[in-house]
Amino acid sequence: MSPGVGGCAVATHALERDYGGGAGVFDVDLRVPEGGAFGLVGLNGAGKTTLLMLLSGMRTPGKGRIEHSYARSSIAVCPDVPEFEPWLTAAEVVASAAGLAGIRPAPEEVSTLVERVGMSAAADRRTRGFSRGMKQRLGMAAALIQRPRLLILDEPAAGLDPQGRADVLDLVSALRGETTMVFSSHLLTDVQRVCDDVAVLRAGRLVYQGAVDELLAQHVRPSWELRVRGRAAAEVRELLAAEPWVVSAEEAGGDTVVVDADSVPSGETGIPALLVREGIALTSMVPCDARLEAAFMSLTQEEAT
Ligand SMILES: Nc1ncnc2c1ncn2[C@@H]1O[C@H](COP(=O)(O)OP(=O)(O)OP(=O)(O)O)[C@@H](O)[C@H]1O
């Protein structure tokens with residue numbers, strides 16, 4: 001490990017890449033803990049790709065420095081829209097990615113990886129005509145065959161349908177602990193689903209880095225949409241509103257009530273406990289993601305002070 005990286009897969013110090021006209025990344029002190037999934041979020045043009053390319057060594061900084069725990073050969077990158085030679089099959093793409101990295105995997109290693117990314121059925125199909133989701137998963141297999149210690153994924157779930165997005169996020173989640181991942185997204189909900197830590201970029205500058213839970217605690221009022229059975233929604237709303245930890249409770253049509261709590265733990269434990277106490281059946285309790293997005297937007301758009 002390089003001196004000074006202590007506990008981090010990669011760390012940057014006053015990193016800058018200035019494209020002029022305010023574009024680029026500036027004064028970035030990033031700490032990516034080892035072994036987990038690290039999310040990099042920001043609006044379009046915030047500098048996510050630039051920072052990822054700097055971390056990967058594919059672009060050079062104008063100022064500042066980067067310390068890696070790993071050799072350059074242990075870093076793999078999956079671009080936002082992976083492109084492959086159209087005449088190669090999926091399995092050949094993975095095998096040739098290994099060859100380019102100087103690795104000679106056993107055929108079973110290639111097929112296991114192709115299976116792991118859910119591409120077994122297409123292993124022997126040429127990549128011409130692959131959907132974006134298939135390309136994304138194949139790109140991840142081509143990166144993983146290099147046995148990276150650090151895997152950099154640029155918007156791996158962007159442009160995918162809900163199923164494709166869920167597949168990619170599940171894969172990222174399953175890789176936690178195996179390799180350090182840094183992945184960019186403009187969706188906080190994706191990051192919340194799979195990441196332990198997150199950095200938020202606004203106009204090229206870091207405005208937050210740390211635990212996802214802490215970001216949510218600081219910027220999001222926890223909220224759930226409940227569906228109940230056995231009692232009118234109005235009555236359930238009233239019962240909830242009387243609880244000291246409930247910030248607001250609103251009917252949202254039919255059997256649905258939306259509850260804002262003063263903290264995630266108080267809502268997660270208090271809502272089921274109250275309903276059990278009152279003998280009310282809870283048919284679903286879903287966090288209100290739209291509000292998470294709104295909080296993220298306020299964090300990324302608010303004026304720098
Ligand atoms: N090679 C380049 N030369 C000049 N400007 C660039 C270059 N690459 C990126 N930029 C500009 O730097 C800013 C950050 O771009 P970057 O692609 O890093 O952002 P991003 O957060 O990844 O955006 P998106 O989510 O849209 O992909 C943008 O204003 C972009 O136009």
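**Fold, helix packing and ligand shell of the predicted model**

The secondary structure of the chain comprises 10 helices and 14 strands. The model is predicted. Along the principal axes, the C-alpha atoms fill a box of roughly 65 × 50 × 35 Å. The chain has 305 residues, and 38% of them are buried. Among contacts with a separation of 6 or more, 69% join residues 24 or more positions apart.

The ligand comes next. The residues around the ligand are Y19, A23, G24, G42, N44, G45, A46, G47, K48, T49, T50 and H186. Two elements, strand 2 (23-28) and helix 1 (48-56), each supply at least two residues of this shell. Helix 1 gives the most, with 3 residues. By class, the shell divides into 8 polar, 3 nonpolar and 1 charged.

Helix packing was examined for two pairs that share helix 4. The crossing of helix 2 past helix 4 is right-handed. On the helix 2 side, the contact is made by A90, V93, V94 and A97. On the helix 4 side, L138, A141 and A142 take part. This contact has 7 nonpolar residues, with no polar and no charged ones.

Helix 2 also contributes buried positions. A90, A91, V93, V94, A95, A97 and A98 are its buried residues. The cover over these residues includes helix 3 (107-116) and helix 4. Just after helix 2, G102 takes a positive phi of about 75°.

The second pair is helix 4 and helix 5 (residues 162-175). These helices pack at an angle of about 10°, and their axes are 10 Å apart. Helix 4 and helix 5 are therefore roughly parallel to each other. Helix 4 makes this contact through G133, Q136, R137 and M140. Helix 5 makes it through G164, D167, V168 and L171. By class, the contact of helix 4 with helix 5 has 3 nonpolar, 3 polar and 2 charged residues. The contact of helix 2 with helix 4, by comparison, has no polar and no charged residues.

Two buried residues were followed individually. V10 lies in strand 1 (residues 8-20). V10 counts as buried because 25 C-beta neighbours lie inside 10 Å, and the cut-off for burial is 20 or more. Leaving aside residues up to four places away in sequence, V10 touches V32, L55, I66, E67, H68, S69 and L150. V10 and S248 are 238 residues apart in sequence, and their C-alpha atoms are 42 Å apart in space.

L215 is placed in helix 7 (residues 212-219). L215 has 25 C-beta neighbours inside 10 Å and therefore counts as buried. With residues up to four places away in sequence left out, L215 touches V198, Y208 and G210. F296 stands 81 residues from L215 along the chain, yet their C-alpha atoms are separated by 9.2 Å.

Backbone torsions were examined last. Most residues other than glycine have a negative phi. A14 has a phi near 45°, a positive value in a residue other than glycine. A14 is in strand 1, the strand that also holds V10. A14 is exposed because 12 other C-beta atoms lie within 10 Å, and exposure requires 12 or fewer. V10, by contrast, is buried.

R147 also has a positive phi, near 50°, and is a residue other than glycine. R147 sits in the loop between helix 4 and strand 7 (150-153). With 16 C-beta neighbours inside 10 Å, R147 counts as partly exposed.

Conventions: Residues are numbered from 1 along each chain as its sequence is written. This is a predicted model: local features need pLDDT of at least 70, side-chain atom pairs count only at pLDDT 80 or more; totals for chains, interfaces and linings use all residues. A residue is near a molecule or strand if its C-beta atom, placed from the backbone, lies within 6 Å of it. Helices (H or I, at least four residues) and strands (E, at least two) are DSSP runs, numbered from the N terminus. Ala, Val, Leu, Ile, Met, Phe, Trp, Tyr, Cys and Pro count as nonpolar, Asp, Glu, Lys and Arg as charged, and the others, Gly among them, as polar. A crossing is left-handed if the near helix is turned anticlockwise from the far one by less than a right angle, and right-handed if clockwise. Two residues are in contact if their C-beta atoms, placed from the backbone, lie within 7 Å. Axes are lines fitted to C-alpha atoms, for helices over the stretch in contact, and angles run from 0 to 180 degrees between N-to-C directions. Angles under 35 degrees count as roughly parallel, over 145 as roughly antiparallel, 65 to 115 as roughly perpendicular and the rest as oblique.
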